[in-house]
Amino acid sequence: MIPPTRWLPMPVLSLLLLLVWLLLQQSVALGQWILGGVLAILIPMICRPFWERQPTIKRPLKLLGYFFRVLGDIVTANVQVSKLILDPRGRMRPAFVEYPLTLKENFPITILASTITMTPGTVSAHLRLDGRTLLIHALDVADTKALIDEIHQRYERPLLEIFES
Amino acid sequence: MLDTIIEGAIAFMLIAGGAFAFIGSLGLTHLKDFYMRLHGPSKTTTLGVGCTLIGSLIYFSREDGPIIQELLITIFAFITAPVSAHMLAKSALHHKLKPDPRTRGNPVELESEKPKHTVEEAPQGDSPLP
């Protein structure tokens, strides 16, 4: 990772801002680089107090793999939920599941919660204040234990390896 | 030949997007309680919008050069949708909305109101609290 300096308290965010600016402008003219660069320095400096300490990404390649896995799961999730909605008999087994977290830092937990919401039949509803349990609402689940295991194996384990290993 | 394939891909994306968005909205009317209804917009509608945007991305990239803005919109939509769904679910829990009776699991968040009522009903005056 790029080490933070006084002018660039969050280098990755600055880089991302510059990139998004250039992409939105559809231009790599010198003026756009300068304007984007100024914004990329100013915005992180202004909003620095709101941010928590940034976690370090230890395995960027794994993160890419995780991204594509989630992308694929979003499509299967949608087909599953669509099936459930269209099923005329409406046989659903909704449940609240308490998911015990092993992740400790806030940012990976946020990613996990978002992933859970986007993937098959589950919406993360509440993170308890102690940061240890995530309350999940599932649309159709037969075995809550199996669901917890699946989330742990499929999503939390890779996140642990990427951010906290 | 290539044109036909690209046009087919665009049409497929648009139809898939429309179908997913429609099913997501259908879920809003069909599902029984708030928590179940949340699943529709958070997943299906997001993918619906995503598919439509990708269709539009292919179409306009072919017309006048590569366009990346729409890809950015798609990514932003996918990042923000789970957050809003999470906030909606959280506020529903806060309001103690009753889940469908078939729902298993009994989170503490939904029952913590009860002891408060017993306190209110208790005779006042001789409170043990200073």
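Predicted model: local features only at pLDDT ≥ 70, side-chain atom pairs only at ≥ 80, totals over all residues.
Begin by selecting chain A, coloured by pLDDT: the mean is 78, and 92% of the residues of chain A reach 70 or more. Select helix 2 of chain A (residues 30-47), whose mean pLDDT of 86 is the highest among the elements of that chain. Then select strand 2 of chain A (residues 122-127), where the mean pLDDT is the lowest among them, at 75.

Next, turn to chain B. This chain contains five helices and zero strands, so that, by the definition of these elements, the order from the N terminus reads α-α-α-α-α. Of the 130 residues in chain B, 32% count as buried. Among contacts in chain B with a separation of 6 or more, 65% are between residues 24 or more positions apart.

Now show both chains and select helix 1 of chain A (residues 11-25) together with helix 4 of chain B (residues 69-94). The axes of these two helices lie 8 Å apart, and the helices pack at an angle of about 130°.

From helix 1 of chain A, select Val20(A), Leu23(A) and Leu24(A); they meet Gln69(B), Leu72(B) and Phe76(B) of helix 4 of chain B. Classified by residue type, this contact between the two helices comprises five nonpolar residues, one polar residue and no charged residues.

How values were computed. Residues numbered from 1 in each chain as written. Chains lettered and ligands numbered in written order. Heavy atoms only, no water. Axes fitted to C-alpha atoms, helices over the stretch in contact; angles between N-to-C directions. Helix = DSSP H or I, 4+ residues; strand = E, 2+ residues; numbered from the N terminus. Contact = heavy atoms within 4.5 Å. Nonpolar A, V, L, I, M, F, W, Y, C, P; charged D, E, K, R; others polar. pLDDT = per-residue confidence, 0-100. Buried < 20%, exposed > 50% of the residue type's maximum accessible area, 1.4 Å probe, protein only.
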